[in-house]
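Subject: Structure for your files

Hello,

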Amino acid sequence: MKTEIAHQKTVSTKHCVRYINKFPIDLPLEKIDLYKWVTEMTDADYRSYSKSHLAMGSFYRDNTFYTLNVENIGNEQLVQHYELKYHSPYHVQFYSPDTIAFILRWFPAVVGVPWELQVRAISKDKSELVCLIGADFSSGFLKTAAWFNGLGGFFLNRHLRTEGKAFAKDIERKFK
């Protein structure tokens with residue numbers, strides 16, 4: 001079992017950003033199953049986690065789980081095509097190598113987007129959710145442009161704090 005957030009960096013991620021944050025869950029680790037939570041997530045669930053979340057769908061193909069998400073971050077609209085790369089009850093790792101980021105909601109650019117969640121015990125009765133999100137840009141120019149429009153900076157980090165807090169509350173509610 002992987003025990004640490006992997007950052008999902010590869011040779012092709014020279015121009016990338018990553019944000020990690022932790023959120024408390026008032027449940028013991030043994031009660032939580034992240035894989036079950038994420039694979040049973042509905043569109044209504046997804047939209048409830050952030051006002052920036054617009055739509056979500058998921059499916060299995062050849063025993064691999066995929067999810068498609070549409071959301072707004074800063075001035076950019078993202079259409080993400082996630083594939084589940086790794087999972088255990090306490091850790092899920094997704095990657096969308098061909099997310100379409102619509103710069104200023106008009107000009108398409110392709111970016112890679114990692115999304116990783118892990119739960120860890122912090123005491124016998126409490127856990128924490130660790131969330132990672134990021135963006136992999138094909139060039140320094142695109143990374144800089146995205147920074148000013150929200151995908152690579154303040155808005156991405158703010159989005160992580162909003163959805164991560166909502167994820168933790170939903171996990172607590174569903175596994176209580």
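Among contacts in the protein with a separation of 6 or more, 59% are between residues 24 or more positions apart, a contact being heavy atoms within 4.5 Å. This is a predicted model, in which local features need pLDDT of at least 70, side-chain atom pairs count only at pLDDT 80 or more, and totals for chains, interfaces and linings use all residues. Residues are numbered from 1 along each chain as its sequence is written, and side-chain values use heavy atoms, with hydrogens and water left out.

Of the 176 residues in the protein, 49% are buried, meaning under 20% relative accessible area (1.4 Å probe, protein chains only). The accessible surface (Shrake-Rupley method, 1.4 Å probe) is about 8800 Å², and carbon and sulfur atoms hold 56% of that area.

The protein has four helices and seven strands; these are DSSP runs, with at least four residues of H or I for a helix and at least two of E for a strand, numbered from the N terminus. Their order from the N terminus is β-α-α-β-β-β-β-β-β-α-α.

On strand pairing (at least two DSSP bridges between two strands): S5 (residues 91-103) runs antiparallel to S6 (residues 107-121), with 11 bridges joining them. One of the bridge partners here is Val111 in S6, which faces Thr99.

S6 also pairs with S7 (residues 127-137), again antiparallel, over eight bridges. Glu116 has Leu132 in S7 as its bridge partner. Five residues separate S6 from S7, and the two strands form a hairpin.

Regards

Technical notes. Buried < 20%, exposed > 50% of the residue type's maximum accessible area, 1.4 Å probe, protein only.
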